[in-house]
Amino acid sequence: EWGRIGASMSRVDSIQRLRSRSLRVQGLVTGLSLLIVGGVVLLTTMDVRESIRRQIAGRDGAVLHAVTLLHQYKDPEGKVLLGPMEDPGTQQEVILKSSRLKGVLGTRLFGPDGRFVWALPWYVLEADLAGRHLENMKRLEPVSEFRPEARLSELFLPDPGEEFPESPFPLLEVNVPLHDSEGEELLGVAQFLIEGQGIAVEFARLDRQLIWQASAAFLVGGGLLVGALSWAFARLRGSQGVLARRTEDLLRANEELALAARTSAVGAVAAHLIHGLKNPLYGLREFVTARGGEADSDWQAAAESTRRMQLLINQIVSVLREEEQGVQYEVTLEELGELIGARGKPAAKEREIALELKVEGAAVLTNRTANLLALILMNLIHNALQASPAAGRVEVFLIRKEGRIDCDIRDEGPGLPEELKENPFVPCKSAKKGGSGIGLAISKQLANHLGAELVLRRTGPTGTHFALSVPVGEDIRKTRSASGAMSR
């Protein structure tokens, strides 16, 4: 049974370690969650950024596409064509008219296969159309590409004896498909090289706005996530705390049940032994008493020990007999005090210890309650007498208060051993010669049987103080009824 309790205590320790570990897990989960949220916000922002940038850059491509279609006609009404669009001359004239827009630095004309045909002005460097753009041109879709750091040396021929400055500049490259009026076949490609400072400013403004929005989204989303995780982990720690407390309560109840079973078994065996020892002990006492008249101190000590043993057995037999016969009578608090004094003072006198007994107030107890209370108090007094030094003092107080009787037993001994201070009512190996180690445990069980509370108030080099609080009046009647129901 105690092995199972020890295993259960290890489970309680595991729950406590799990609670402390949950704090570290919470930090780790929160950090990973914020990292994921930040990654999602970043990826979404970058995707939106690229999409908007393509729209801004493509805006000029759509405009130039519409302008080139408009310039294919001679008249403003769009009824008379300049000429067949298959003619490179017509294409050059359309490009020339379209390149008059503000910001156009140069143009190139490519054939439907993407090969260079013509450039304006003449110092624009020859180049072939990028293959990735040719597919869009075949679908008759304009394509715009923004180059934030273009260089003049990559676009134009320098003047003789001069060199271009090496500082980069933003450039927008717009590729517009040239096709017939029906729009069914690609006839050529017009490429416009446009100064891109305005688009660069728009991009910078867009980046600032997206950074602000992404930061706000991360802070709001991260804050909500941290709050939700904190609440969830708080609930989890609360549940773990409740589980730990309930487990501890179950362990205490298990200990109480195990201890009750053990003391009950001890009580049954003790009752059997007491009935069996009563008569042999009487004969032993007669024999020792007869020899105790001699001047041998050992025989006198043996006679006194047998006398105490017989007195204790008689007290227990009296309690057992009254329980068996159902005898009921009442005992006042003052009578209980006199009974305890009569039983305890001879032992105190023998050990040269002053036993001070004080009774305050009046109360009426049933004989059952008084007998069990006397057994508890005598066990505590006997322990106090054994612990106190010669010429010491043991104080016993029985004080009637509202709804209870407070019993205090104080000694001047060296205090309980360290291993008993944490829980003095658990059976253990006794430090006293001939001790059983279950005296306090039995006293605790008897107190529980009465509905009383037995606690250790203080223990140390200056002495030990046990306190017993017993309910009286209506509380005792309820306890008696409950005990009777349990016995039935």
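A salt bridge is taken here as a side-chain nitrogen of Lys or Arg within 4 Å of a carboxyl oxygen of Asp or Glu. The structure is a predicted model, in which local features need pLDDT of at least 70 and side-chain atom pairs count only at pLDDT 80 or more, while totals for chains, interfaces and linings use all residues. Residues are numbered from 1 along each chain as its sequence is written, and side-chain values use heavy atoms, with hydrogens and water left out.

By this rule, 16 salt bridges are counted. One of them joins Arg115 to Asp113, with the closest N and O atoms 3.7 Å apart. Relative accessible area was classed as buried when under 20%, exposed when over 50% and partly exposed in between (1.4 Å probe, protein chains only); Arg115, at 57%, is therefore exposed, whereas Asp113, at 46%, is partly exposed.

Arg393 takes part in a salt bridge with Glu356 (3.9 Å, N to O). This pair links distant parts of the chain, with Glu356 in strand β7 (residues 354–360) and Arg393 in strand β9 (residues 393–401), 37 residues apart; strands are DSSP runs of E of at least two residues, numbered from the N terminus. Glu356 is partly exposed at 37% relative accessibility, as is Arg393 at 34%. A salt bridge also forms between the side chains of Arg393 and Glu395 (3.5 Å, N to O), and Glu395 counts as buried because its relative accessibility is 16%.

Elsewhere, a network of salt bridges links Arg49, Glu50, Arg53 and Asp207.

Technical notes:
Helix = DSSP H or I, 4+ residues; strand = E, 2+ residues; numbered from the N terminus.
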